Amino acid sequence: MKTAAIYLFTISLFFQFSCSNTQEITMLRDISGDRSIYELSPKEPPEYRIKPADILYLKILTLDPEINEIFNPSKTGNNNQSSTAQMYGSPAGQYLNGYIVGNDGTVSVPIIGKIEMAGLTLNEAEERLKARAEEYLKQPSVQVKFLNYKITIAGEVRNPDLLYNYEKNVNIFDAISMANGITDYADLTNILVVRKSNGTSHTYKVNATNRSIYSSEVFYLLPNDFVYIPPTNLKRTRDNTNVYSLVLSAVSTLIVVGTALNNNFF
C-alpha cells in the first residue's frame, strides 16, 4: 500500500513539473553552426490595395492657408502636431476623422468630390488624388496613408491584442514582438495566418522555427490579417494538471488512511 502511494505521488510530481522543450519555443533554430552570417531573403512585401471600408488619411496642401484649412482641419490649431494626434491618435478618432472608402470604392473629398480609390496602392492613390486636385487647386501637394492597418494576434503570446501598424511593412516576427513575445507553450511550427482576399478567407500555416518562414507569402502581414499561435500538446496536459493532482492526492490520502486503519485493526 505504501509503495502504491509513493508511485501515485511520483506521477503527480511528474505532471506538476513537466516543462517545455526549449527547442519548441526557439525561433529560427536551424540557424546554427560555425557560420556567423546567413543569407535570409524574404519575398518582396506585397502591395496592399485599397478596399471598401478602409479608412484613409488624406492631406492636401497648397500655398493658400485658407484652402489648407478646408482639407486639413488638424492644421488649424496652434500646435499642429498635437492637433493631428488628437484627431487621429485613437481608433475612434481615425474612424470619425478619416476618409472611409465606400462600398462603391470611392471617397468624398471637399470641393473635389468623389474619387475612385478601391483597387489602388497608396502610391497610385496619391497620383490620382493629385491629378484630381490639380483641376481645382494650384500646385497641390498630397499624401495618402492607411489609418486602419490593424492585425489581430491571438493564442500563445503574452498580450493577445488588436495591433495597429503605422509602418510601411510589418512581418510575423514584428507582430510577435508587438505582443510582447510568446509564452512557454507556443507551438511555433504551426502558426496560422488567416487572410481575406476578394471576399474569401484563406488560411496559411508557417513554421517560425526555421528559415522557411522567410519564403512564405504571409511572412509580411497585410491589414486585417489574423495570426494565431497554437499551444503545444504540453499546454493541454498542463491545463489538466490540477485535476490530475487533486485526483491523485485524494487517492493517495485514501491509501494512507486505509493503511493506517489496516495497521490499527489488524
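Colleague: Which order do the strands take in the open sheet of 3 strands?
Modeller: This is a predicted model, where local features need pLDDT of at least 70, side-chain atom pairs count only at pLDDT 80 or more, and totals for chains, interfaces and linings use all residues. Residues are numbered from 1 along each chain as its sequence is written, and side-chain values use heavy atoms, with hydrogens and water left out. Strands (E, at least two residues) and helices (H or I, at least four) are DSSP runs numbered from the N terminus, and two strands pair if DSSP finds at least two bridges between them. The pairing here is antiparallel, and the order is E2-E1-E5.

Colleague: What angle does the direction of helix H5 make with that of E5?
Modeller: Helix H5 (residues 122-133) packs on this sheet and touches E1 and E5; contact means heavy atoms within 4.5 Å. Axes are lines fitted to C-alpha atoms, for helices over the stretch in contact, and angles run from 0 to 180 degrees between N-to-C directions. For H5 and E5 the angle is about 145°.

Colleague: Which are the edge strands of the open sheet of 5 strands?
Modeller: The order in this sheet is E7-E6-E12-E9-E10, with mixed pairing. Each edge strand pairs on one side only; they are E7 (161-164) and E10 (200-206).

Colleague: What is the bridge partner of leucine 192 in E12?
Modeller: Strand E9 (residues 191-197) and strand E12 (residues 226-229) run antiparallel, joined by 3 bridges. In E12, the partner of leucine 192 is tyrosine 228.

Colleague: How many residues has the largest nonpolar core?
Modeller: A nonpolar core is a set of buried Ala, Val, Leu, Ile, Met, Phe, Trp, Tyr and Cys residues joined through side-chain atoms within 4.5 Å. Leu56, Val107, Val109 and Met117 have the most contacts inside the largest one. Its number of residues is 49.

Colleague: Why does serine 216 count as buried?
Modeller: Serine 216 is in the loop between E10 and strand E11 (220-221), and it touches Lys43 and Val206, not counting residues up to four places away in sequence. Buried means under 20% relative accessible area, exposed over 50%, and partly exposed in between (1.4 Å probe, protein chains only). Serine 216 counts as buried because its relative accessibility is 16%.
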